[in-house]
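This report covers how two chains of the model meet. The sequence and structure come first.

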Amino acid sequence: MKSHTKYLTLNIPSKMAFRNITPEVDAAVRASGVQEGLVLVNTMHITSAVFINDDERGLHHDFGKWLEELAPFNPDPNHYHHNRTGEDNADAHLKRQIMGREVVVAITKGTLDFGPWEQIFYGEFDGSRNKRVLIKVIGH
Amino acid sequence: MKSHTKYLTLNIPSKMAFRNITPEVDAAVRASGVQEGLVLVNTMHITSAVFINDDERGLHHDFGKWLEELAPFNPDPNHYHHNRTGEDNADAHLKRQIMGREVVVAITKGTLDFGPWEQIFYGEFDGSRNKRVLIKVIGH
Amino acid sequence: MKSHTKYLTLNIPSKMAFRNITPEVDAAVRASGVQEGLVLVNTMHITSAVFINDDERGLHHDFGKWLEELAPFNPDPNHYHHNRTGEDNADAHLKRQIMGREVVVAITKGTLDFGPWEQIFYGEFDGSRNKRVLIKVIGH
């Protein structure tokens, strides 16, 4: 059995954005030497997400608009009690629940076992600061 | 350490539907010979989902109605920019984020370690075409 | 390769609440002896969730209010067909889809490989009864 751990650091220069991190995950899988196994990819923060969907600019626009409708930004501490802590990012904690903290992807014959359009994204909902993503590979 | 990989192909003859794939996952776990480990089950497409919930017809009706409220079908490219690509399935990409791409289930004593009502479903949101589901078993 | 299985039993004395189960997961990881691997933590029930977010009282208030808006409690069997079974918990099945059934966490150097604010929660949406959580550790 083999394992391999890699940390990415990202700094997204806006409140909300989506970045394709598939190349970094692919590189970690190759570096691990694992032929058959699983790779976990998760954000290490609670106001961001890791998810799999399409690398299409229009869709990312739609995600942003939709998430803002489902969980709108509102700094008012009477609207979100979390903002009584002095923060204004309660909406980011909610948006991340929709999009998800992590993905687990199969490794087959040494590569990410993906369908034709699957790509891994980091989703930022409270950016302009350093955030980390964890890549953990296990297998044989 | 052992691993086992199985691909299912499904063709759901409607835009949205839910199909119980627990028997296929159970068969793959038994074929793997793994006694203790994990099984990953994921859709390989970005307009469908794999999730665990109850096998109850009324609930599936409720899922469909609820998802349509949260992420309505709308082919208008002014509503969803993704539909400017010529597709009309932006809503399916959103619905899948609510329901989830994948599940990871424990294998204990050679079988799916489930609570009394847990069943694995494939959720289709843009059907009438072949789609694949990946089952990856690892363990010992 | 090593594996370890632990079941928790919880009885939340209200319909909806969030309980931090990080100490129990941490104890299971230490008991497993796994230095590098993965731990799966999932609810074994379909009206509750396991998720990772912040241990902050105001945020949990916000989660409850937000989930009630997205998937309101409504015992009327004309609103939720699932409630035609004689149950009144259709909303709990929907709320759980937003929050998620499970988390998978990396184990590095024998401990949960977490960012600064990550904590694991059990989310109950149909409480006042015994429910079980499964912790499965695999690694080496």
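Which of the residues of chain C comes closest to the rotation axis? C:Ile98 does, with its C-alpha at 3.4 Å.

This is a predicted model, in which local features need pLDDT of at least 70, side-chain atom pairs count only at pLDDT 80 or more, and totals for chains, interfaces and linings use all residues. Residues are numbered from 1 along each chain as its sequence is written, chains are lettered from A in the order in which they are written, and side-chain values use heavy atoms, without hydrogens and water.

Chain C superposes on chain A by a rotation of 120° with 0.0 Å of shift along the axis, at RMSD 0.0 Å (least squares on the C-alpha atoms of residues with pLDDT of at least 70 in both). That is the relation of a three-fold axis. The copies use different surfaces, as 17% of the contact residues of chain C recur in chain A (contact means heavy atoms within 4.5 Å).

| Chain | Residues in the contact |
|---|---|
| C | 35 residues |
| A | 30 residues |

The two chains, C and A, bury about 2700 Å² between them, 60% of it on carbon and sulfur atoms (accessible area lost on being put together, 1.4 Å probe, summed over both). C:Leu38, C:Asp62 and C:Trp66 supply 20% of the area that chain C buries against chain A, more than any other three residues.

Helix α3 (residues 90-99) of chain A and helix α2 (residues 57-70) of chain C have axes that come within 10 Å and cross at roughly 55°. Residues in this contact include A:His93 and A:Leu94 of α3(A), and C:Phe63 and C:Trp66 of α2(C).

Terms used
Axes are lines fitted to C-alpha atoms, for helices over the stretch in contact, and angles run from 0 to 180 degrees between N-to-C directions. Helices (H or I, at least four residues) and strands (E, at least two) are DSSP runs, numbered from the N terminus.
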